[in-house]
Amino acid sequence: MIAKVCVLGHFGEGEVLLNGQTVKTKIVTEELIAQLGEEQVVKIDTHGGAKVLLKAPFAVLGALKKSANVLIFPAHNGLRVYAPLLAMLRPFFKGRKLHYSVIGGWLPTFLEKRRFLKKCLMKFDGIYAETNTMKNALDAMGFKNVGVVPNCKKLGILSSGELVYPEDTPYRLCTFSRVMKEKGIGTAMDAITRVNERLGYVAYSLDIYGQVDAGQTEWFEELKGRSPEYVRYCGCVDANESVAVLKDYFALLFPTHFYTEGIPGTVIDAYAAGIPVISAKWESYSDVIDEGVTGMGYTFDAVDELEEILVRAAEDKELLLSLKENCIKRAEDFLPSAAIKAMLENFGQI
């Protein structure tokens, strides 16, 4: 039997992987199973680095043989392998359709000097950007097969009556992403330290959640060694527990140094928990955060502006607490059932 779709993705079976690529691959696949039925969804795990890439031709052949649609979720290296293979082998399998769900916002820049890869992707039936910002950039490059499928999470969104309104200082802030320099974890700690010193009391505490990047453990140990007592590392949180953990916080900090973020899953977590987001204005910021409605932003890399926001919020807590209702309403836009609608419509009939 030919299945409706084969997902070639980074599942990391048997391991606990909390990176955005793995999380999104699993979430979308679970929603496809929920809507199409388990027998209609085939999974092929691309986790394993170079060893798995060597087997990529066989994985692609298997995917094309088993299903009417092939959906991929690769990062940079995987894209350079799987997209050309699929474009090359698809003509040998009548009626097959190719789809690529992009994770993050890096694709337009990545394709600027890769004409062959760009040509391969133009042969796909659907490329699904996370934001309108990225769709517009790809359209400007000549793509005519781009739709929008935002990052999504199946979370229990809080009701108005479940929202928590912190009263006393220190106001609890948190980061909830991969723990690495580029996510601005050190930036968050340093900014809060300076704000507390400026105000003359501990206005804020910071809890850091997330998986520590394997290549940056030494950096993080040094960071912890110089952190004040109101900054703590709290480890990892199961995806199903994110709302329960986040709901008690004053706000989520997202001081990313990645300008080409797509729709960060951490922001969706925060919205579902009813907490506003204070964030660097990355490229697709306005696609995700409604300024003064679901959060507040500062000019990318302008840490002094982040500090000013924190000072203002400490002096007037309603600046952020008044946004909580807006956050839970916005969270509904990122439920998987709504997010993958464009993708399902493009799958067509078996």
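This is a conversation about a predicted model of one chain and the terms used to describe it.

Colleague: How are residues numbered, and which parts of the model count?

Modeller: Numbering runs from 1 along each chain as its sequence is written, and side-chain values use heavy atoms, with hydrogens and water left out. The model is predicted, and local features need pLDDT of at least 70, side-chain atom pairs count only at pLDDT 80 or more, and totals for chains, interfaces and linings use all residues.

Colleague: How many helices and strands are in the chain?

Modeller: The chain has 17 helices and 12 strands. Helices (H or I, at least four residues) and strands (E, at least two) are DSSP runs, numbered from the N terminus.

Colleague: What makes the radius of gyration of the chain agree with that of a compact globule?

Modeller: The radius of gyration is taken over C-alpha atoms, and the globule rule is 2.2 Å times the number of residues to the power 0.38. For 350 residues a compact globule would have a value near 20 Å; the chain has 21 Å, so the two agree. The C-alpha trace spans about 70 × 40 × 40 Å along its principal axes.

Colleague: Why is histidine 99 called buried?

Modeller: Buried means under 20% relative accessible area, exposed over 50%, and partly exposed in between (1.4 Å probe, protein chains only). Histidine 99 has 0% relative accessibility, so histidine 99 counts as buried. Its place is in strand β4, residues 97-101. Across the chain, buried residues make up 55% of the 350 residues.

Colleague: Which residues is histidine 99 in contact with, leaving aside its neighbours within four places in sequence?

Modeller: Contact means heavy atoms within 4.5 Å. With those neighbours left aside, the contacts of histidine 99 include Asn69, Val70, Phe124, Asp125, Asn346 and Phe347. For the chain, 76% of the contacts with a separation of 6 or more are between residues 24 or more positions apart.

Colleague: Why is serine 101 called buried?

Modeller: Serine 101 has a relative accessible area of 0%, so serine 101 is buried. Serine 101 also lies in strand β4. Not counting residues up to four places away in sequence, serine 101 touches Lys24, Leu71, Ile72, Phe73, Tyr128 and Met343. Its C-alpha atom is separated by 8.8 Å from that of threonine 25, 76 residues apart along the chain.

Colleague: What makes a set of residues a nonpolar core?

Modeller: A nonpolar core is a set of buried Ala, Val, Leu, Ile, Met, Phe, Trp, Tyr and Cys residues joined through side-chain atoms within 4.5 Å. In the largest one, of 35 residues, Leu8, Leu79, Tyr100, Leu107, Leu121, Phe124 and Ile127 touch the most other members. Helix α4, residues 76-89, gives the most to this core, with 6 residues. Apart from it lies another core, of 34 residues, among them Ile192, Met296, Tyr298 and Leu306.

Colleague: Why does glycine 78 count as buried?

Modeller: The relative accessibility of glycine 78 is 13%, which means glycine 78 counts as buried. Glycine 78 is found in helix α4. Not counting residues up to four places away in sequence, glycine 78 touches Leu53 and Ala83.

Colleague: Why is leucine 117 called buried?

Modeller: With a relative accessible area of 5%, leucine 117 is buried. Leucine 117 is in helix α6, residues 115-121, and its contacts beyond four places in sequence include Leu79, Arg80, Ala83 and Phe110.

Colleague: Why does lysine 317 count as partly exposed?

Modeller: Lysine 317 has 22% relative accessibility, so lysine 317 counts as partly exposed. Lysine 317 is in the loop between α13 and α14 (318-321). Not counting residues up to four places away in sequence, lysine 317 touches Pro166, Glu167, Tyr171 and Phe250.

Colleague: How do you know that the peptide bond from threonine 169 to proline 170 is cis?

Modeller: The omega of that bond is near 0°. Proline 170 is in the loop between β6 (146-148) and β7 (171-176).

Colleague: What is the phi of aspartate 301?

Modeller: Phi of aspartate 301 is near 70°, a positive value in a residue other than glycine. Aspartate 301 is in the loop between β12 (295-298) and α13 (303-315).
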